[in-house]
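Visitor: Could you walk me through how to read a few features of a protein model? I would like the general idea each time, and then the case at hand.

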Amino acid sequence: MFEQFDLDSELLASIKELGYKKPTSIQELVIPQAMLGKDILASAPTGTGKTAAFLLPIAQHLLDYPRTQPGFPRVLILTPTRELAIQIGQDSEQINKLTKIKTGVITGGVNYGSHDDILNSTTDILVATPGRLLEYIENEQFDAREIEILVLDEADRMLDMGFSEAINRIVGEARWRKQTMLFSATLEGAGVIRFAKEVLTEPEFLESSPSRKEKAKIHQWLHLADNAEHKFKLLVNILKQEGVDRTVVFANKRETVQYLSGKLYSEELPCVWLEGKMPQDKRNKSISRFKSGGIKILVATDVAARGLDIDDITHVINFDLPRKVDIYIHRIGRTGRAGLKGTAISLAEAHDMMVVGKIERYQDERLQRRVIDELRPKHKESRVANKKAKVKLSTAQKKAKAKKQSKKKVKKSKAK
Ligand code: AMP
């Protein structure tokens with residue numbers, strides 16, 4: 001129950017209006033600690049409810065210590081992409097709907113003049129992408145010294161996207177802050193931890209371990225494929241199945257995205273596509289066609305899909321498996337959101353079985369194999385994944401093995 005947190009009635013009423021019945025696991029962990037003013041280092045992928053986990057304590061802080069005079073923003077939330085910034089901005093407006101707290105969003109990809117309103121009036125919570133905000137700081141249009149709370153959202157993505165220098169500069173500017181919260185989908189890469197050590201002071205380390213129910217929302221399947229051509233046939237078959245309504249298809253390369261979108265059209269499967277270097281207006285157009293439901297299939301690379309925030313994605317299909325586990329986790333986290341069921345389907349060739357093994361070990365769960373009758377693979381499953389899995393024994397298994405071996409020795413010596 002959200003009533004367990006010491007939140008003002010205006011906030012509880014907005015939560016109720018949003019339809020949140022009870023806190024998600026990351027909210028249970030983060031909200032009480034953040035309300036004590038502690039620095040937070042949290043591992044929470046998108047879809048876990050992390051946005052409200054930081055927005056609620058922030059709102060409560062602003063209500064507890066109201067502003068005495070107009071000025072620059074008191075809270076700064078840095079996030080990697082424009083879409084994510086807009087989404088967080090909207091969430092903040094919803095949560096603060098019944099209060100006087102003002103939210104503003106500053107991102108690249110729009111005219112400079114369009115931020116005048118935010119820069120010249122009093123905004124309490126500013127959501128921004130690092131690049132554009134730094135420009136305003138350098139031009140002395142924005143002063144970060146009034147920031148009391150700093151949030152680094154999707155820190156791993158921001159670092160991946162090469163924002164580390166911009167963030168470091170902004171973090172330095174916001175040096176009078178009292179609290180910093182860092183959220184990252186995973187804390188796997190050394191980069192995030194190193195960065196966290198620099199910007200956080202005695203942080204509370206909080207890791208969302210989604211409850212079984214939250215976890216079970218995403219069904220994960222694997223189809224074995226002989227080659228790229230076979231993968232395409234599987235893809236078409238899956239996309240034509242009933243219930244496959246709003247689907248994101250991931251490919252690893254830009255060329256594959258283009259190739260796939262062309263081929264899907266020839267199969268009478270209209271789709272939109274996104275790639276990293278697309279002009280902003282074209283990108284917005286693709287996203288809105290997909291969001292409005294006019295087109296049901298979106299084909300994208302990971303870079304292009306960063307920050308894409310669409311709630312009711314029914315299926316994520318990995319046409320190519322990513323090379324890293326954390327990317328896989330990010331991809332599948334795009335479905336099964338807001339309490340809906342989601343399906344993640346991966347198409348794997350023999351050379352993908354190594355990463356499949358890693359994914360299975362990370363999740364401690366085997367990806368369920370599925371076969372489409374008329375498209376059965378000719379080749380058998382490569383045994384790489386199984387071999388590796390066998391090597392890794394649990395402590396109980398190790399003990400059992402040792403016991404067995406010592407029994408064998410005893411038998412041998414008795415025989416002698
Ligand atoms: P996020 O991980 O912050 O992107 O949130 C994912 C989705 O979950 C968003 O659509 C939120 O509106 C929704 N959400 C956040 N917290 C809750 C909650 N406690 N109960 C139900 N839905 C929630």
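Guide: Let's start with burial. A residue is called buried under 20% relative accessible area, exposed over 50%, and partly exposed in between, using a 1.4 Å probe and protein chains only. Here, buried residues make up 50% of the 416 residues in the chain. This is a predicted model, in which local features need pLDDT of at least 70 and side-chain atom pairs count only at pLDDT 80 or more, while totals for chains, interfaces and linings use all residues. Residues are numbered from 1 along each chain as its sequence is written, and side-chain values use heavy atoms, with hydrogens and water left out.

Visitor: How many helices and strands does the chain have?

Guide: Helices (H or I, at least four residues) and strands (E, at least two) are DSSP runs, numbered from the N terminus. By that count the chain has 18 helices and 14 strands.

Visitor: What share of the contacts joins residues at least 24 apart?

Guide: A contact means heavy atoms within 4.5 Å. Among contacts between residues at least 6 apart in sequence, 74% join residues at least 24 apart.

Visitor: How do I read the buried side of a helix?

Guide: An α-helix has 3.6 residues a turn, so residues three or four places apart point the same way. Now take α2 (residues 25-35). Its buried residues are Ile26, Gln27, Val30, Ile31 and Ala34. Viewed down the axis of α2, they fall within an arc of 105°, so they line one face of the helix. The arc is that of the directions from the helix axis to the C-beta atoms.

Visitor: What covers the buried residues of α2?

Guide: The cover includes β1 (40-43), α3, β6 (179-184) and β7 (204-207). Just after α2, glycine 37 takes a positive phi of about 85°.

Visitor: Which residues of helix α8 are buried?

Guide: In α8 (residues 164-173), they are Ala166, Ile167, Ile170 and Val171. These cover an arc of only 135° around the axis, which puts them on the same side of α8.

Visitor: How should I describe the packing of two helices, say α2 and α3?

Guide: The axes of α2 and α3 (residues 50-64) come within 9 Å and cross at roughly 25°. That makes α2 roughly parallel to α3. Angles under 35 degrees count as roughly parallel, over 145 as roughly antiparallel, 65 to 115 as roughly perpendicular and the rest as oblique.

Visitor: Is the crossing of α2 and α3 left-handed or right-handed?

Guide: A crossing is left-handed if the near helix is turned anticlockwise from the far one by less than a right angle, and right-handed if clockwise. α2 passes α3 in a right-handed crossing. On the α2 side, the contact is made by Ile26, Gln27, Val30, Ile31, Ala34 and Met35, and on the α3 side by Lys50, Ala52, Ala53, Leu56, Pro57 and Gln60. These residues divide into 9 nonpolar, 2 polar and 1 charged. Ala, Val, Leu, Ile, Met, Phe, Trp, Tyr, Cys and Pro count as nonpolar, Asp, Glu, Lys and Arg as charged, and the others, Gly among them, as polar.

Visitor: At what angle do α11 and α12 pack?

Guide: α11 (residues 228-239) and α12 (residues 254-266) pack at about 55°, with their axes 11 Å apart. They are therefore oblique to each other, and their crossing is right-handed. Phe232, Leu235, Val236 and Leu239 in α11 meet Leu260, Lys263 and Leu264 in α12. That contact holds 6 nonpolar residues, no polar ones and 1 charged.

Visitor: Where is glutamate 154, and is glutamate 154 buried or exposed?

Guide: Glutamate 154 lies in the loop between β5 (149-152) and α7 (155-160), and is buried, with a relative accessible area of 5%. Its phi is positive, about 45°, although it is not a glycine. Glutamate 202 also has a positive phi, near 40°. Glutamate 202 sits in the loop between α9 (190-199) and β7 and is exposed, with a relative accessible area of 74%.

Visitor: Which residues does serine 14 touch?

Guide: Not counting residues up to four places away in sequence, serine 14 touches Gln94, Ile95, Lys97 and Leu98. Serine 14 lies in α1 (residues 9-18) and counts as buried at 3% relative accessibility.

Methods: Axes are lines fitted to C-alpha atoms, for helices over the stretch in contact, and angles run from 0 to 180 degrees between N-to-C directions.
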